[in-house]
Amino acid sequence: MGFFSGLFGGGDDDDSGTDWGGIVSTGLSLYDEYTKGQAASGAYKTEASNAKANAKYEKQLAVDSNERGSELADKFAIQGQRYEGKQMAAEGASGVVANSGSFQQANQATRDQINMDTQTIMRNTMREAYGHTLAAESGLRAADAYTSAASSAQLESELNMAGTILTGDYSGGTSAKWWE
């Protein structure tokens with residue numbers, strides 16, 4: 001009987017009683033478990049890294065939303081003041097007193113509308129920023145979960161390897177008889 005037939009279940013070529021096929025099988029099983037664990041752990045670590053990067057990006061978007069909202073509200077308030085000034089100038093040019101009667105009410109309504117629109121701009125961009133903040137927090141929680149999954153995958157691989165060594169991955173192998 002040749003070496004390979006003895007190695008892969010064809011019998012023993014030596015007188016020591018060592019089951020070389022079983023030893024090779026166990027070694028291959030150990031290597032398989034190790035590579036599975038490394039691959040799974042690496043994949044989860046990559047996902048964790050991606051989730052952290054996305055969370056960082058969402059935080060930047062939240063800051064941008066707040067800054068953009070402030071800028072837009074300031075620009076709108078300035079435009080509103082210009083419009084109010086033009087309105088009062090037109091009223092004054094027509095020969096009426098701008099701060100009395102219905103003209104005063106119209107001017108106040110214009111001011112109120114400008115304030116409401118400015119506040120709406122701020123509220124909308126604050127909501128947008130809040131959405132980005134929640135997405136960032138969610139991303140960080142996902143990164144933590146992926147990091148934990150990577151550790152679990154590695155541990156699972158190590159436990160499976162230990163089980164393979166302790167119980168033997170083949171019938172009648174050396175590791176299956178270690179306690180005898």
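Predicted model: local features only at pLDDT ≥ 70, side-chain atom pairs only at ≥ 80, totals over all residues.
## How the two helices pair

Let us begin with helix α2, which covers residues 20–93, and helix α3, which covers residues 101–167. Their axes come within 8 Å and cross at roughly 175°. Angles over 145 degrees count as roughly antiparallel, and α2 and α3 are therefore roughly antiparallel to each other.

What kinds of residues make up the contact of α2 with α3? There are 33 nonpolar residues in it, along with 24 polar and 12 charged ones.

## A look at T110

Is T110 buried or exposed? Its relative accessibility is 13%, and T110 therefore counts as buried, since the cut-off for buried is under 20%.

Setting aside neighbours within four places in sequence, T110 is in contact with Y83, E84 and Q87. One of these, E84, will come up again below.

The structure holds four salt bridges. One of them joins the side chains of R111 and E84, at 2.3 Å from N to O. R111 sits in helix α3 and E84 in helix α2, 27 residues apart, and the pair links distant parts of the chain.

R68 and E128 form another salt bridge, with their closest N and O atoms 2.5 Å apart. Because R68 lies in helix α2 and E128 in helix α3, this pair ties together parts that are 60 residues apart in sequence. R68 counts as partly exposed at 29% relative accessibility, and E128 is partly exposed as well, with a relative accessible area of 32%. Which residues are linked with these two in a network of salt bridges? The network consists of D64, R68 and E128.

How accessible is K36? K36 is partly exposed, with a relative accessible area of 47%. D32 is partly exposed too, and its relative accessible area is 35%.

Note on methods. Residues numbered from 1 in each chain as written. Heavy atoms only, no water. Axes fitted to C-alpha atoms, helices over the stretch in contact; angles between N-to-C directions. Helix = DSSP H or I, 4+ residues; strand = E, 2+ residues; numbered from the N terminus. Parallel < 35°, antiparallel > 145°, perpendicular 65-115°, else oblique. Nonpolar A, V, L, I, M, F, W, Y, C, P; charged D, E, K, R; others polar. Buried < 20%, exposed > 50% of the residue type's maximum accessible area, 1.4 Å probe, protein only. Contact = heavy atoms within 4.5 Å.
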